[in-house]
Amino acid sequence: MFQLTRPLTRRALCAALLALAALPAAAQTRIVTDDTGREIALPENPARVFAAGPPAATLLYTLKPQAMVGWVSAPDPEDRPWLRPETAELPGLGRLTGRGDTLNLEVLLAADPDLIVDYGTVNPTYTDLAHRIQEQAGLPYVLIDGSFARLPRGIRAMADLLAVPERGEELAAYAEATLAEVDAILATIPEDQRPTVYLARGREGLETPARGSINAEIIERVGARNVAEAETRGLATVSPEQVQAWAPEVIITIDADFAANVAGMPEWQGVPAVDNGRVHLAPAVPFGFIDAPPSVNRLIGLKWLMHKLYPTAVQGDLRAEVADFYELFYGVRPDEAGLKALLGG
Amino acid sequence: MDERALNTALVGALLAVLILGAAIGPFALSPARIAAVLTGDRSDSQAVTVLLNIRLPRVLAAAIVGAALAAAGAAYQTTFRNPLVSPDILGVSAGAGFGAVLGLLLGLPVVAIQMLGFGMGLLTVALVIALTLALRGAGQVLIMVLCGIAIGALAGAGISLVKLLADPEQQLPAITFWLMGSLAGVKRADLAAALPALLIGLAPLLALRWRIGLLAMGDDEARAMGVDAGRLRLLVIACATLMTAAAVAMAGVIGWVGLMVPHMARLLTGPRFDRMLPAAILIGAGFMVLVDTAARTVATLEVPLGILTAVLGAPIFVLLLARGARPWSE
């Protein structure tokens, strides 16, 4: 008798356990197909979300800050006043994909997320990484295409995953309006009146994202011509002589030291942008205007660049637009002192 | 070829590559315009900026960096009686590299980064010497070299740690690029800052080159000729370290030149250090100017010098080896 019943009880126990485990899951998950084409089961209303890289973290912050379990890297002290207070103190957990893979999966699991989102390049490497981490960590990992051209669509797709469709619609509509406004203005400006631009990075200003690089996309989106045509689609280091030969009409930089010093640097004399005082420092808090990260934060960069590149053609109050953007996307409205710190003047 | 004719030929070749380096670059300047600027014509301010603030300082910097690395390598190979030795054997490049990438990580001004690199290079070698003395290995070259390898490995670990901690978007590309060596950002002020250390290091090597050559025969032989081998070796190390640290602080880590150029010189002059050193200095300067000219002209983006010294240097080196005998064996 003992011999007979034991396998039965064990089987019954297993079935009961499986049913218990499956019940809540069946009630709360749904299946989505992400931009890698994988079908993924994820929670109906994700409450603890981990962003795999800086672009995803910024998008997650703008859409559903209350669901963040951490940042990729902890915000710098100068970023904190510009972030919602409840997110400013969240820890930096590390990044999952891309250069410098710094996250220990155990740290990730200790943060107890129910969803991992990534926003950026979709290629076989990232697709495979998403798949591997999903298998290894046992967590749904969703990758959304982060290309600039599909920004409104990316916002809506991410908002849908995070179960905040109204918020997504609000931000996506802003993105669509901004892009349409840029196109409307560009239609009035002939090609030959659009300036050549050099994007300067680093203290010496000699690192530059070449044409085709994700860090320089925004330059082409506002109709300007990035002078840095090099053998890479990434970050190139060039000589000052090369910059002299390119003779850019406008220089956009993300380095405050370079912006402050370039007028006195002998090797930059004679560059039209420097001679004509058209060197502009892109604001960088809490997220960059140009890139760093290449995410929704670039929408305000578009407006800022239009004002800087086409001062006569562009109407409107840049300060008010920046304040509105910060309030809508970041949940923090800058006051007069804040705007002055951001935009200068 | 006798010594005087050889050195005259090498000086002529160096002048030719200096002119070549001054004549070509991404900013188009006609030879007539260059000649006009050099003879005092200041009417075209753009040409003046390009030539006097950018191109010429860079060509001269390449020449002195090449000369310094070649001289340091030649002195080390003779002093340590080993043809495989390069100027970074006692850890100066790794130490200077660590100092500089630390400066990049901390976001220091460029001058501070250079000073930190220079200082850490000197400190690393000082540490190696102190360690050698503490181990009572002053007379033993092997102990000194092993100490250098150990401390150099520590500095290398420090570099890896800095790379790990660096911001992958902003700092890591700069650090990686710096570690491959480049003169892209060189200014006149950098040249002026590095020149004293290079001259102070080079002068004793040139003045004492005959005595230093005696070290190649072994310490006992040198002593029999009236040379205190231990003290002379320390002097050579101090001079070579000073030059290498200054070169690395200005141009980043450039491999190959210090190892290869002395061999090229030796194939032309034979193994005697007093004859080989001037040839090595001239070849090193000329080779580096050529390499740097390639670095700023073969592509729109700057090609790191470390890549080009190997790509250009390795085939030349093998070719020379195939043609010559084994010139370092007496």
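Tutor: Two strands count as paired when DSSP finds at least two bridges between them. Strands themselves are DSSP runs of E with at least two residues, helices are runs of H or I with at least four, and both are numbered from the N terminus. This is a predicted model, in which local features need pLDDT of at least 70 and side-chain atom pairs need pLDDT 80 or more, while totals for chains, interfaces and linings use all residues. Residues are numbered from 1 along each chain as its sequence is written, and chains are lettered from A and ligands numbered from 1 in the order in which they are written.

Take strand β4 of chain A, residues 115-120. How many of its residues are buried? The count is 6 of 6. Buried means that 20 or more other C-beta atoms lie within 10 Å of the residue's own; exposed means 12 or fewer, partly exposed is in between, and the C-beta atoms are placed from the backbone. Both faces of β4(A) are covered. One side carries Leu115(A), Val117(A) and Tyr119(A). The other carries Ile116(A), Asp118(A) and Gly120(A).

Now the partners. Strand β3 of chain A, residues 49-51, pairs with β4(A) in the parallel sense over 3 bridges. Here Val49(A) faces Leu115(A) of β4(A). Strand β5 of chain A, residues 141-145, also pairs with β4(A) in the parallel sense, over 5 bridges. Tyr119(A) has Ile144(A) in β5(A) as its bridge partner. From β4(A) the chain runs through helix α5(A), residues 124-137, to β5(A), in a right-handed β-α-β crossover. Right-handed means that, with the strands pointing away from the viewer, the path from the first strand over the helix to the second runs clockwise.

Next, the way into the strand. Asp112(A) lies in the loop between α4 (105-110) and β4 of chain A. Its phi is near 55°, a positive value in a residue other than glycine. Most residues other than glycine have a negative phi, and most peptide bonds are trans. Is Asp112(A) buried or exposed? It is exposed, because 10 other C-beta atoms lie within 10 Å.

A cis peptide bond joins Val285(A) to Pro286(A), with omega about -10°. Another cis bond joins Ala292(A) to Pro293(A), with omega about -5°. Pro286(A) sits in the loop between β11 (279-281) and α12 (298-309) of chain A. Pro293(A) is also in the loop between β11 and α12 of chain A.

Step back to the whole chain. Chain A has 14 helices and 11 strands. Of its 345 residues, 44% count as buried. Its C-alpha atoms fill a box of roughly 100 × 40 × 35 Å along the principal axes.

The chain is divided into domain 1 (30-176) and domain 2 (190-314); the bounds come from an automatic or database domain assignment. The C-alpha centres of the two domains of chain A are 29 Å apart. Their contact takes 17 residues from domain 1 and 12 residues from domain 2 of chain A. Contact means that the C-beta atoms of two residues, placed from the backbone, lie within 7 Å. On the domain 1 side, α2 (54-63), α6 (151-161) and α7 (165-186) of chain A are the elements that give two or more residues. The largest share, 5 residues, comes from α2(A). By class, that side of domain 1 of chain A has 12 nonpolar, 3 polar and 2 charged residues. Nonpolar covers Ala, Val, Leu, Ile, Met, Phe, Trp, Tyr, Cys and Pro; charged covers Asp, Glu, Lys and Arg; the others, Gly among them, are polar.

Finally, chain B. The contact between the chains takes 26 residues from chain A and 26 residues from chain B. On the side of chain A, β9 (235-237) and α9 (240-246) each supply at least two residues.
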